[in-house]
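Here are a few notes to go with the model, written as numbered points. Please keep the structure open while you read them.

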Amino acid sequence: NILFDDWWEYDPGTNAWTQKANYMGGPTYHSAGFTINNIGYVGTGRIIFGLVKDFYAYDPSTNMWTQLSDFPGSARRGGVAFTIGEYGYMGTGSYNSDFYRYDPSNDSWSPIASLPGSGRISAVGFRIGQLGYVGTGSEFGATNDFWEYNPMTNSWTAKANVGPTPRQEAGGFSLNGKGYILTGDDFSSGNNFKDVWEYEPSTDTWIQLP
């Protein structure tokens, strides 16, 4: 219950951090965020007194936050988000499976197909090409399943599991056409992990990295 609202910019050219305007939602954790056209979007999460569904945009050119339309699902924490084209996608969290598309051109949300399963928290989400990916997390127990979202068909397809170990609260990102999921824990057994996995979408395979 020690929460923060500070916001920082990292410059890889100088390997330096610069503090920016505090997060407009106040001290919060387990939020989700994505980027469209150099604007950051952040919302949902837990504050000290409960869960929230508010949603904000950050403009680095002005160092200012703007409050936007609330996330349309229930208040939650531990959701995931990614960007495909001109839209943001956000869902899951707090053992929910619903998903929504955000259109920044008119500040509006639209429901899309829910992630298959009973709902989860603390998963990983990222984009490769024009497809979204969500995997791992907890469905009242850690998982290692992995799903691909196609916005053209509004459908999810099961893909190869993320290695042999179920996990939640992992880190993840995409880079140069591949996906990466690493670290995390299995809350039910108390194990923490430091392994790293690389996903090749053309072959639907994972390989373990150092």
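1. Asp195 and Arg167 make a salt bridge, with their closest N and O atoms 2.7 Å apart (a side-chain nitrogen of Lys or Arg within 4 Å of a carboxyl oxygen of Asp or Glu). The pair links distant parts of the chain, 28 residues apart: Asp195 sits in the loop between strand S18 (191-192) and strand S19 (196-200), and Arg167 in the loop between S14 and strand S15 (171-175). Strands are DSSP runs (E, at least two residues), numbered from the N terminus.

2. Before going on: this is a predicted model, where local features need pLDDT of at least 70 and side-chain atom pairs count only at pLDDT 80 or more, while totals for chains, interfaces and linings use all residues. Residues are numbered from 1 along each chain as its sequence is written, and side-chain values use heavy atoms, leaving out hydrogens and water.

3. Are the two partners buried or exposed? Asp195 is buried because its relative accessible area is 15%, and Arg167 is buried at 0%. Buried means under 20% relative accessible area, exposed over 50%, partly exposed in between (1.4 Å probe, protein chains only).

4. Arg76 also forms a salt bridge, with Asp98, at 2.8 Å between the closest N and O atoms. Arg76 lies in the loop between strand S6 (64-67) and strand S7 (80-84), and Asp98 in the loop between strand S8 (87-91) and strand S9 (99-103), so the pair ties together parts 22 residues apart in sequence. Arg76 is buried at 1% relative accessibility, and Asp98 is buried at 17%.

5. In total, the structure holds 8 salt bridges. Arg120, Glu139 and Asp145 are linked in a network of them.

Key. Helix = DSSP H or I, 4+ residues; strand = E, 2+ residues; numbered from the N terminus.
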